[in-house]
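Please read it with the model open.

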Amino acid sequence: GARETFENYYRKQRRKQARLVLQPPSNMHETLDGYRKYFNQIVGFFVVEDHILHTTQGLVNRAYIDELWEMALSKTIAALRTHSSYCSDPSLVLDLKNLIVLFADTLQGYGFPVNQLFDMLLEIRDQYSETLLKKWSGVFRNILDSDNYSPIPVTNEEIYKKIVGQFPFQDAELEKQPFPKKFPFSEFVPKVYNQIKEFIYACLKFSEDLHLSSTEVDDMIRKSTNLLLTRTLSNCLQNVIKRKNVGLTELVQIIINTTHLEKSCKFLEEFITNITNVLPETVHTTKLYGTTTFKDARHAAEEEIYTNLNQKIDQFVQLADYDWMAVEPGSKASDYLVDLIGFLRSTFAVFTHLPGKVAQTACMSACKHLSTSLMQLLLEAEVRQLTLGALQQFNLDVEECEQFARSGPVPGFQGDTLQLAFIDLRQLLDLFIQWDWSTYLADYGQPTCKYLRVNPTTALVLLEKMRDTSRKNNVFAQFRKNERDKQKLIDTVAKQLRSLIN
């Protein structure tokens, strides 16, 4: 006869039990079993309550169960948020998702509302995506570190077919060639391409059973893949390019590799379309940003090549050892310069597989840098005096550079474009060696001037260095006039140069 007392007592006790059941074990996130036990307790509790609702008269009612479920739902979600955030293993996060889906579907079958659980799964999805990106960062690093950065050799049809099966590559020319032959790219191209596909599969696994539309799934996969390309892969590539010991051959191979990966992006787009059945024309389809990732990496590698070449040129130029007081020039170009030109020739021979513009820019930038470096040698403040003999030796070296530029080290230059890199030096040396001041001063400032590229300030600096030597020794004997005339001539020219400068 104490029905009301019993109902109150029953509900109070069951609330306490519910609170106990909803306390997650502290190390729940470490194993799947921890989560499984936790979910089973909760399901068990609510299945019992549902049974009592349907088999007894008034002991529990719908309002009481709904209130309990509200509390349980908010506590469960809070616990899952906390524990899942500790998890760094994508496969564990994936298993957890499958458990949560089972848990939600089971309780939904008993009439409990579970939308909030599915909303929370979308949050966990972002975290899953992060753990995947971390994992793939390691995968890409290993691939790039273990690559030999040389074209893949193929000895027979079987290997050829295998690689073409792994990476979308068609080249009628290469197919015709007899074995053994080489693919233009190195191992990392098919490996990276396959890992991007593996990542896409891993993303897809999470979106199964989440009751999402195919458009939502497609969008999710594309967004995650974009992060993989623009952040993870991009960083890995940039790190390889910026590494201290990376050489010119590796940089050239990276440029070739990224060109091929860039072309393969449209196949990745198709791959996603085939998985999700969402046509790319659909209004909201996100584009893959692969092309920009590979373009950026390629530009970085190109910049690195230009820098690398300039540093090598600097190392050679540091070996220059001119005798600025020489009476006579030597019979040939200086050793350091001959070695430098030899290095440039062999380097540009490797550039034959590069996209044309890159090879040309590299060659032009190297010649300009060399020209600037030589000009600096000539004008250096520490060189206080120099003789005509020294200038003639220097001239032999510049001729060697011009000869190199004329020889077409890289195809595709129009006319004498490359030689123009040395035009400033050429005109300056001609002016001094031919002592052609009357022409220079008469034509100065006219667009057709023979010495258009000679700046009067530069000319004056060089002239001052020669004035000092002519005081001390008889270099200018070829002018057949006495010393005072020579000095006067230099003074006059210097004066006219100063007025030009002013």
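1. R498 first. With a relative accessibility of 36%, R498 is classed as partly exposed. The cut-offs explain the label: buried means under 20% and exposed means over 50%, so a value in between is partly exposed. Keep in mind that this is a predicted model.

2. What does the side chain of R498 meet in a salt bridge? The partner is E464, at 2.8 Å from N to O. R498 sits in helix α18 (residues 483–501) and E464 in helix α17 (residues 456–472), so the bridge ties together parts that are 34 residues apart in sequence. E464 is also partly exposed, with a relative accessible area of 25%.

3. The side chains of D219 and K223 form a salt bridge of 2.9 Å, N to O. Both residues belong to helix α9 (residues 214–242). They are four residues apart, about one turn of the helix. D219 has a relative accessible area of 22% and is therefore partly exposed. K223 is partly exposed too, at 48%.

4. R36 and D33 are another pair to check. Their side chains meet in a salt bridge, 2.6 Å from N to O. Both lie in helix α2 (residues 32–55), and because they are three residues apart, about one helical turn separates them. R36 has 34% relative accessibility, so it counts as partly exposed.

5. Side chains of opposite charge can pair when their charged atoms come close. How many salt bridges does the count come to? The total is 23. Pairs are not the whole story: D218, R222 and E269 are linked in a network of salt bridges.

6. Now the packing. Two packed helices are described by the angle between their axes and the distance between the axes. For helix α1 (residues 3–21) and helix α3 (residues 62–84), the axes come within 11 Å and cross at roughly 20°. The cut-off for roughly parallel is under 35 degrees, so α1 is roughly parallel to α3. The crossing of these two helices, α1 and α3, is right-handed.

7. Which residues of α1 and α3 meet? From α1 come Y10, R11, R14, R15, A18 and R19. From α3 come Y64, E67, L68 and M71. By class, the contact of α1 with α3 has five nonpolar and five charged residues, and no polar ones.

Terms used:
Residues are numbered from 1 along each chain as its sequence is written. This is a predicted model: local features need pLDDT of at least 70, side-chain atom pairs count only at pLDDT 80 or more; totals for chains, interfaces and linings use all residues. Side-chain values use heavy atoms; hydrogens and water are left out. A salt bridge is a side-chain nitrogen of Lys or Arg within 4 Å of a carboxyl oxygen of Asp or Glu. Buried means under 20% relative accessible area, exposed over 50%, partly exposed in between (1.4 Å probe, protein chains only). Axes are lines fitted to C-alpha atoms, for helices over the stretch in contact, and angles run from 0 to 180 degrees between N-to-C directions. Angles under 35 degrees count as roughly parallel, over 145 as roughly antiparallel, 65 to 115 as roughly perpendicular and the rest as oblique. A crossing is left-handed if the near helix is turned anticlockwise from the far one by less than a right angle, and right-handed if clockwise. Contact means heavy atoms within 4.5 Å. Ala, Val, Leu, Ile, Met, Phe, Trp, Tyr, Cys and Pro count as nonpolar, Asp, Glu, Lys and Arg as charged, and the others, Gly among them, as polar.
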